[in-house]
Amino acid sequence: MRRFDSLTEREVLALAISLEEEDARIYDDLAAGLQSNHPEAAEEFRKMRAEEDGHRHRLLDIFKFRFGEHIPLIRRQDVAGFVVRKPVWPDSKITLVEARERAAWMEVEAKRFYEAAAKRATHAGTRQLLGDLAEEERKHERTAEGLGTTTPADEAVARRKLFVLQVVQPGLAGLMDGSVSTLAPLFAAAFATHQSWETFLVGLAASIGAGISMGFAEALSDDGSLTGRGRPWVRGLVCGLMTTAGGLGHTFPFLIPGFLTATLVAGGVVLIELAIIAWIRHRFMETPWWSALFQVVLGGLLVFGAGVLIGSS
């Protein structure tokens, strides 16, 4: 995966062509999903799809003029800083509110992309085209937001999505890493030494080290300019603190002098941590409750078992 600021103008144009192709397909899928219940909105999405096709043709023209016929395949998943677009499943029902929210978010990301790309362009024609496309994507954003009636409930949903994107996602990633990844070294040390204090020191080191590592990894993943994920160092701080907290939760019980008591309490804390993680995934990430619980508990138990086996060997 490459960082956006490392791309050449040729690569930026190739990426833009790929983005327009994908967005046009998604608008077509949204139109098909809305056709039976909201034919007028479906027609608006088809118009937006046609305009995205027009953007793609303009990008193709300037790319061929500057760089020739071969266009390298560069997709959003190849560049850090993009939100992966979920498919519009043909057999699932989609509401007008959901379609409008998806389209508005797509246009926000596209606008940010073109604005960032225009600032880096050195060729006058390319810079002008990218700036024009940014303005057109801004108009699309307003069109998408205008489909249907915007209510306070819709605005609350939009704020919630930003909160999930900027806070919950990095925090959850950190909590999962801190709670699960530190299990193996902590319980390996516990069963290898049968000493509470030594085990506490191992857990403390593992938790702080994981927090620093995850914090920097999240902060350096992208600058938030394309995705709206917020300031990178804020995300890194949230991720790092939650990683450390996740590890310290089952580390603190080893301050109890009695090794057996400390181990039992730590095991209970682990179960509570895994349940909290499953609840957050269910509450904010729309993961089915039993699926979230099974995935998190299974992963935690496997890591826990690995630590116990290694420490007992």
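First, the ground rules. The model is predicted, so local features need pLDDT of at least 70 and side-chain atom pairs count only at pLDDT 80 or more, while totals for chains, interfaces and linings use all residues. Residues are numbered from 1 along each chain as its sequence is written, and side-chain values use heavy atoms, with hydrogens and water left out.

Start with the helix pair. Helix H6 spans residues 183-193, and helix H7 spans residues 196-219. Helices here are DSSP runs (H or I, at least four residues), numbered from the N terminus. The H6 and H7 axes sit 9 Å apart, at an angle of about 165°. Axes are lines fitted to C-alpha atoms over the stretch in contact, and angles run from 0 to 180 degrees between N-to-C directions. H6 and H7 are therefore roughly antiparallel, a label for angles over 145 degrees. The crossing of H6 past H7 is right-handed: the near helix is turned clockwise from the far one by less than a right angle.

Which residues of H6 and H7 meet? On the H6 side, Pro-185, Leu-186, Ala-189, Ala-190 and Thr-193. On the H7 side, Glu-198, Thr-199, Val-202, Gly-203 and Ala-206. Contact means heavy atoms within 4.5 Å. By class, that is six nonpolar, three polar and one charged residues. Ala, Val, Leu, Ile, Met, Phe, Trp, Tyr, Cys and Pro count as nonpolar; Asp, Glu, Lys and Arg as charged; the others, Gly among them, as polar.

Now the salt bridges. The whole structure has 13. The criterion is a side-chain nitrogen of Lys or Arg within 4 Å of a carboxyl oxygen of Asp or Glu.

Take helix H2, residues 39-67. Arg-46 pairs with Glu-43 at 3.9 Å, N to O. They lie three residues apart, about one turn of the helix. Arg-46 is partly exposed at 30% relative accessible area, and Glu-43 is partly exposed at 39%. Buried means under 20%, exposed over 50%, partly exposed in between, with a 1.4 Å probe and protein chains only.

Next, Asp-53. Arg-49 reaches Asp-53 at 2.9 Å, N to O. These two are four residues apart in H2, again about one helical turn. Arg-49 is partly exposed at 22%, whereas Asp-53 is buried at 17%. Arg-56 also bridges to Asp-53, at 3.7 Å, N to O. Is Arg-56 buried or exposed? Buried, and so is Asp-53.

Last point. Asp-28, Arg-49, Asp-53 and Arg-56 are linked in a salt-bridge network.

Notes
Angles under 35 degrees count as roughly parallel, over 145 as roughly antiparallel, 65 to 115 as roughly perpendicular and the rest as oblique.
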